Amino acid sequence: SAPGHLAAAFGVPTVTAVGPSDPDETRPWGPLSRVVRSREDLACRPCWFTPLHGNCPHQGRCMTEITSDQIVDALLDVVSAPRSGGDRVTPTLVSSGSD
């Protein structure tokens, strides 16, 4: 999660998927930061720093049930958010392969 915290600190738009931790305590903070978590209400969440962490009785559903639609919606929201000075973020597609 460190890159998300650094990005948020410098005002870079971020989307963070949160599973076993408590987003109110651990999420990146900033006006251009968004958090996505599974819609399922699991009673064991947050399990970070508990005996359940690493021994999930739900096979990690707090992470695996986050949908690609949720991520895309958060990305679209954060890139369309006004920045200081009224500018908007211009998304750039980065390719990791050869073209």
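Is Phe49 buried or exposed, and at what relative accessibility? In this predicted model, in which local features need pLDDT of at least 70, side-chain atom pairs count only at pLDDT 80 or more, and totals for chains, interfaces and linings use all residues, Phe49 counts as exposed because its relative accessibility is 78%, where exposed means over 50% relative accessible area, buried under 20% and partly exposed in between, with a 1.4 Å probe and protein chains only. Residues are numbered from 1 along each chain as its sequence is written, and side-chain values use heavy atoms, with hydrogens and water left out.

Phe49 is found in the loop between β2 and α3, and its phi is near 65°, a positive value in a residue other than glycine. Gln59, placed in the loop between β2 and α3, likewise has a positive phi, of about 55°, although it is not a glycine; Gln59 is exposed, with a relative accessible area of 63%. Helices (H or I, at least four residues) and strands (E, at least two) are DSSP runs, numbered from the N terminus.

Arg45 lies in the loop between β2 (33-37) and α3 (61-64), and the peptide bond that leads from Arg45 to Pro46 is cis, with omega near 0°. Arg45 is buried yet has no salt bridge, the nearest side chain of opposite charge being that of Asp41, 5.0 Å away; a salt bridge requires a side-chain nitrogen of Lys or Arg within 4 Å of a carboxyl oxygen of Asp or Glu, and Lys and Arg count as positive, Asp and Glu as negative, with His and the chain ends not counted. A polar atom of the Arg45 side chain lies 2.7 Å from the backbone oxygen of Glu40.

Note on methods: A polar contact is a pair of N or O atoms within 3.5 Å; within protein, one must be able to donate a hydrogen and the other to accept it, and residues adjacent in sequence count only if both atoms are side-chain atoms.
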